[in-house]
Amino acid sequence: MRSVRLAAAVAFGICALTACADGESRPAESSTDSTKNRSAAPPSSYASSSSTSSLGSNEKQIADLPEEAKAQTKEGATAFTEWYLDQVGESLKTADSATVRAYSSGCAFCDEIADTVDQFAEDGIAADKNPYSLTVDSATSRTDAGYRVEVSLHISEYRKVASDGSKGPTVNPSSITMVTDARWDGEGWQVHEVVRTE
């Protein structure tokens, strides 16, 4: 059961992404561009908080946003999206959902991944590494001060590991293409949607 849960999450919620892709709501393209620079920090409601984890850490930690991901520009949106998706993979390794939650808003996929990561912590399991690597293929401005960012995600071979050090079966590598809806929400970027395209 745990192995199935981990496989589903590390495979980047393919079922959830497919469900989103079949629906009518997709990150749409537009022609607006914003070039205002601002510093970004996670919303205050997401300050580091305590949680119980079977992996030995009781503190949830929000990762530091890199400088290049703080600009309210196309480059900032691209850097933010790349960083955020890497943090999703990192959350599976650390069994800590704080960063995934802090930088998403109304994103069903993000919430599902975060819930799965919380279950990992409760069960005392995690991925043996961050299996994600990705390439940003394009970024198109939207009318809502955001960007539609298309990404090729590569998921390398990995194994689940329990708190006692025992390892589960190897999960095969895979690749998917997706688009994300990154929007500027006053103080910084937030992911609002993730949709698998192929």
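The following legends describe close-up views of a predicted model of one protein chain.

View 1. Of the 198 residues in the protein chain, 47% count as buried, while the chain exposes about 9200 Å², of which carbon and sulfur atoms supply 46%. Among the contacts between residues at least 6 apart in sequence, 67% join residues that are at least 24 apart.

**View 2. Confidence along the chain.** The protein chain has an average pLDDT of 79, and 71% of the residues score at least 70. Confidence is lowest in helix α2 (residues 14-22), where the mean is 40, and highest in helix α4 (residues 98-102), where the mean is 98. Over residues 1-8 the pLDDT stays under 50, and the model has 18 contacts beyond four places in sequence for them; over residues 12-56 the pLDDT likewise stays under 50, and here the model has 118 such contacts beyond four places in sequence. Where pLDDT is low, the predicted coordinates should not be read in detail.

**View 3. Strand β3 and its surroundings.** Eight of the 10 residues of strand β3 (residues 146-155) are buried, so this strand is largely enclosed by the rest of the structure.

**View 4. The pairing of β3 with β6.** Strand β3 is also joined to strand β6 (residues 174-184), with 10 bridges between the two strands, which run antiparallel. Within this pairing, the bridge partner of E150 is V179, which belongs to β6.

**View 5. The disulfide of C107 and C110.** The count of disulfides in the model comes to one, and this link is formed by C107 and C110, whose sulfur atoms lie 2.3 Å apart. The link of C107 and C110 is right-handed, with 70° about the S-S bond. C107 has a relative accessible area of 1% and therefore counts as buried, and C110, at 2% relative accessibility, is buried as well, because buried means under 20% relative accessible area.

Key. Residues numbered from 1 in each chain as written. Predicted model: local features only at pLDDT ≥ 70, side-chain atom pairs only at ≥ 80, totals over all residues. Heavy atoms only, no water. pLDDT = per-residue confidence, 0-100. Helix = DSSP H or I, 4+ residues; strand = E, 2+ residues; numbered from the N terminus. Contact = heavy atoms within 4.5 Å. Buried < 20%, exposed > 50% of the residue type's maximum accessible area, 1.4 Å probe, protein only. Areas by Shrake-Rupley, 256 points an atom, 1.4 Å probe, with all protein chains shown as cover. Pairing = 2+ DSSP bridges. Disulfide = S-S within 2.5 Å.
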